Amino acid sequence: MGPGDALLAAGAGLLAGAVNAIAGGGTLIAFPALLATGLPALTANITCSVGLVTGYAGGAVGYRRELADQVDRLRALGPPALLGGLIGAVILLATPSSSFRAVVPYLVLASCLLLAAQTRLAAVVARRRAHTVTPVTTPTATPVTTPAVPAAGAQPPAARTVTWPTRFGVLIAGVYGSYFGAGLGVLLLGVLGILLTDDLQRTNGLKTLLAFGVNAVGVVVFLITAKVAWGYAGILVVASLAGGLIGARIARRMHPALLRAAVITLGVVVAIVLLVRG
């Protein structure tokens, strides 16, 4: 690994950690950067999973305020997220390198589609939440408003309920995220945003911590193998942690549309290059 490769990995890790906290899709930055250094596709993917896990951790720390009163949800959704991460990691290790290389361009394109659909998912979530506040008329004709999402974190039991479809959605997202991490945050945010009723920032914090759990389980499995490029993984660990901490702060103030468009463009270019080379 030369100085140029190390600098490329550090820059990609910093940006990927921030992007994961802001809009999701950081793997679409780190993965092609590692490919550019000459790493095989399977090794680059596993190294990304190991190296970017601290970015999710940094994002979760940045969202600690929003996570403070969501312990019940974490207890309900943590196990399916961890199980999905374990299943995805095992499937990845059982996949031959040549087969993984063949499917990578399509996984990248699928991740780009997930990112492109994020705004539509957000619109669906917004419409659903708008319909949860409905006027109810009493027999005395006194209008009463029943808000489904109370302010300032005071949630009724119904809002805290985690359904089995939500658990299953998190499980599937965990399998995908551990197999190929790009778009995991978008997929989790879509599942949680549609099936849970809450403020978007709180949902984003929950998504970030669950994504960290998925990646952490995958990392434990990958550490048993010899398919990690440890030099690059070490650089990504430090850089993505810093990026995740920075990104969580930016996420509260920044509209991610421009960043999302840039990441999608990069992903499509990478997929086309991989298809041509293949």
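I count two residues as in contact when they have heavy atoms within 4.5 Å. I am working from a predicted model.

**Entry 1: helix 9 against helix 10**

I looked up which residues of helix 9 meet helix 10. On the helix 9 side I found Pro165, Thr166, Gly169, Val170, Ala173, Tyr176 and Gly177. On the helix 10 side I found Leu184, Leu187, Leu188, Val191, Leu192 and Leu195. I sorted the residues of this contact by type: 10 are nonpolar, three are polar and none is charged.

Next I took the geometry. Two packed helices are described by the angle between their axes and the distance between the axes. Helix 9 covers residues 164-179 and helix 10 covers residues 184-195. Their axes are 9 Å apart, and the packing angle is about 175°. Angles over 145 degrees count as roughly antiparallel, so helix 9 is roughly antiparallel to helix 10.

**Entry 2: helix 11**

I moved on to helix 11, residues 200-223. I checked its span from first C-alpha to last. Helix 11 has 24 residues and reaches 34 Å, close to the 34 Å expected at 1.5 Å a residue. I then checked its cover. Helix 11 is mostly covered, with 17 of its 24 residues buried.

I picked out two of its residues. Asn215 is in helix 11. Is Asn215 buried or exposed? The relative accessibility of Asn215 is 6%, so I log Asn215 as buried. I listed what Asn215 touches, leaving out residues up to four places away in sequence: Ser49, Val53, Tyr56 and Leu184. I had already logged Leu184 on the helix 10 side of the contact with helix 9.

Leu223 also lies in helix 11. Its relative accessible area is 42%, so I log Leu223 as partly exposed. I checked Leu223 against Ile46. The two are 177 residues apart in sequence. In space they are 9.4 Å apart, C-alpha to C-alpha.

**Entry 3: confidence**

The average pLDDT of the protein chain is 76, and 74% of the residues score at least 70. Which element has the lowest mean pLDDT? I found strand 1, residues 134-137, at 47. Helix 5, residues 71-94, has the highest mean, at 90.

One is residues 133-138, which has 14 contacts in the model beyond near neighbours in sequence. Another is residues 144-159, with 30 contacts counted in that way.

Conventions:
Residues are numbered from 1 along each chain as its sequence is written. This is a predicted model: local features need pLDDT of at least 70, side-chain atom pairs count only at pLDDT 80 or more; totals for chains, interfaces and linings use all residues. Side-chain values use heavy atoms; hydrogens and water are left out. Axes are lines fitted to C-alpha atoms, for helices over the stretch in contact, and angles run from 0 to 180 degrees between N-to-C directions. Helices (H or I, at least four residues) and strands (E, at least two) are DSSP runs, numbered from the N terminus. Angles under 35 degrees count as roughly parallel, over 145 as roughly antiparallel, 65 to 115 as roughly perpendicular and the rest as oblique. Ala, Val, Leu, Ile, Met, Phe, Trp, Tyr, Cys and Pro count as nonpolar, Asp, Glu, Lys and Arg as charged, and the others, Gly among them, as polar. pLDDT is the predictor's confidence in each residue, from 0 to 100. Buried means under 20% relative accessible area, exposed over 50%, partly exposed in between (1.4 Å probe, protein chains only). The expected span of a helix is 1.5 Å times one less than its number of residues.
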